[in-house]
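Keep the 3D view open as you read.

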Amino acid sequence: MATPQSDTPLSPLRTVAVVGLGTMGTGIAEVLAAAGRDVIGIDVQEAQATKCVAALEASTARAVERGRLTGQQRAELLARVTTGTDLSAAAPADLVIEVAPESYEIKQQIFRELDGIVRPDAVLATGTNALSVTRLAADSAHPERVLGLHFFNPAPAMKLVEVVSSVLTAPAAVTAVTDLALDLGKEPVAVGDRPGFVADGLLFGYLNQAAAMYEARYASREDIDAAMRLGCGLPMGPLALLDLIGIDTARTVLEAMYSASRDRLHAPAPILKQLSEAGLTGRKAGRGFYTYEAPGSGTVVADALTPREDGPSGAGRPVRSVGVAGSGTMASGIAEVFAKAGFEVVLAARSEEKAQAAKARIGKSLSRSVDKGRMTAEAAASILDLIRATGTYDDFADVDLAVEAVAEDLEVKRQLFTTLDKVCKPGAVLATTTSSLPVVACARATSRPQDVIGMHFFNPAPAMKLVEVVRTVLTADDVHATVREVCAKIRKHAVDCGDRAGFIVNALLFPYLNNAVKMVQEHYATLDDIDAAMKLGGGYPMGPFELLDVVGLDVSLAIEKVLHREFRDPGLAPAPLLEHLVAAGCLGRKTGRGFREYAKR
């Protein structure tokens, strides 16, 4: 078997052949030509090669209209691209990038033919995100020159490029393509060979769990997507993203990941197979999880599953005054939200002093809004006047809705609900803001479980638009309607879900974070590379380790344990590295050290 060759630098990669001129191949060709490379585009279908040229002409014309290119630069860029159907045209290439369909048979045939066409020192790169680079390299006459070069779609816009080495890859080849990626204005991340690499390895497990959640009818497609966009700041919801990627493509990637990991989280959800085999592969087919205006369109149109605009039927109970129990950041944030919407608010804590401190925190928040010109001083004063701070829950006697936001401890919450049951008037709605505990356990602590519901706000409550509305099997219909109406009045986006661990957001978010920890634990990739991959390749506002340090490693571990206990899936077991850091007191930003170290305040 051949072994990686010397570190002798390769000549600059000036001429690049791109084999496969679909959306990705066309995008890569544009990126290369824009950076001054001569591009040889090759596709077995002449119509596809013609389509590639038309797409390049259209995209560069738009660039001229927007002032990103001059007419002269556009003409030079287009002149650097030639297309054809014969693989022998790749003969002068310094680098060949294949982006053919995800099939070992097709890709290995291309590499075998290239062995007899290109120079011995030419680098061969596969654009696969699901197949083994090592297996493709081993079938080549020169395995040391084969590696993975995984661009993200759309290639001209997405900054991330994963440079994938096999155990056979020569360091000089890695250096050459890394230098090229930098010259293209991309951010190269070096990774080893395993299905999905970093970005897709984390992304597709999350997408698969979202598909399974929808298949189980736990939540609607619209609510799952809205929850992840609004709760995590993601550019797209997971089901819309699956439609964009292609449900058949996602299934192929997951099959490859599962065959390597045997992790049940990677076992493709049955609905992916059902949709794929029915030809409902997403946007490209005009229908997948959603229905589109036409094949290839991104415009969603209403179908039989689209929710009614008037929302759930039935009227809720009148709500004029709201009690908020707690004195922490979440409690004060929720009280602020209700007061801004014009509700009278009773903010109760275990002592008058704690309640007044919470109200003072709201005052500071409102002052910041005044300073930024978002409201007048008079408006801020009138909002603050709607909040009455108190050290006794007896003052909840007349509220129409009581919202608890105390410590995430079931016994503490149960005791509070027992108190609320005694204090609150008949017909008052009792809500818990828990993010991971069973709502029904709080309900059973009262004599009126039908009046209890979950209202999971996100931190910081004044800024975050999402509220997960959690019904138990005992919650009355008019209680659910009441909370939906209240959410509309406080300008929050309500999503409905059932009473199970993690609800929508945490049940999808924390397994993804846990899998990122496993990647570091297994020395597959570094913290920085993983964070960069998810921000640049997935459009995430924060990388997983940035987010873990912000949330708190102890909080994250507690949620992981709850999910593992509820679903009994071995893949949800907390990563040992996370447990070790928590045991060592490294809890994230709040302690000055988590996955990274932070300057002391």
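## From the whole fold to one residue

Residues 24 or more positions apart account for 70% of the contacts in the protein, counting those with a separation of 6 or more. Keep in mind that what you see is a predicted model.

The protein is built with 22 helices and 18 strands. How does its radius of gyration fit with a compact globule? For 601 residues, such a globule would have a value near 25 Å, and the protein has 28 Å, which agrees. Along the principal axes, the C-alpha atoms fill a box of roughly 85 × 50 × 50 Å.

Of the 601 residues, 52% count as buried. The protein exposes about 25800 Å², and carbon and sulfur atoms supply 52% of that area. As for charge, there are 63 positive and 72 negative charges, and their mean positions are 5 Å apart.

Strand β1 (residues 15-19) runs parallel to β4, joined to it by four bridges. Strand β4 (residues 95-98) in turn pairs with β5 in the parallel sense, again over four bridges. Here are some residue partners to look for:

| Residue | Partner |
|---|---|
| V18 | I97 in β4 |
| V96 | L124 in β5 |

Which way do the side chains point? In a regular strand the side chains alternate between the two faces of the sheet. You can follow this pattern in β4, where L95 and I97 point one way, V96 and E98 point the other way, and all are buried. In β5 (residues 123-126), V123 and A125 point one way while L124 and T126 point the other, and all of these are buried too.

Finally, zoom in on A49, which sits in helix α2 (residues 46-65). Is A49 buried or exposed? Its relative accessibility is 5%, so A49 counts as buried, since buried means under 20%. Leaving out residues up to four places away in sequence, A49 touches L21, D43, T83 and G84. There is also T85 to look at: A49 and T85 are 36 residues apart in sequence, while their C-alpha atoms are 7.4 Å apart in space.

Methods
Residues numbered from 1 in each chain as written. Predicted model: local features only at pLDDT ≥ 70, side-chain atom pairs only at ≥ 80, totals over all residues. Heavy atoms only, no water. Helix = DSSP H or I, 4+ residues; strand = E, 2+ residues; numbered from the N terminus. Rg over C-alpha atoms; globule rule 2.2 N^0.38 Å. Buried < 20%, exposed > 50% of the residue type's maximum accessible area, 1.4 Å probe, protein only. Contact = heavy atoms within 4.5 Å. Areas by Shrake-Rupley, 256 points an atom, 1.4 Å probe, with all protein chains shown as cover. Lys, Arg positive; Asp, Glu negative; His and termini not counted. Charge placed at Lys NZ, Arg CZ, Asp CG, Glu CD. Pairing = 2+ DSSP bridges.
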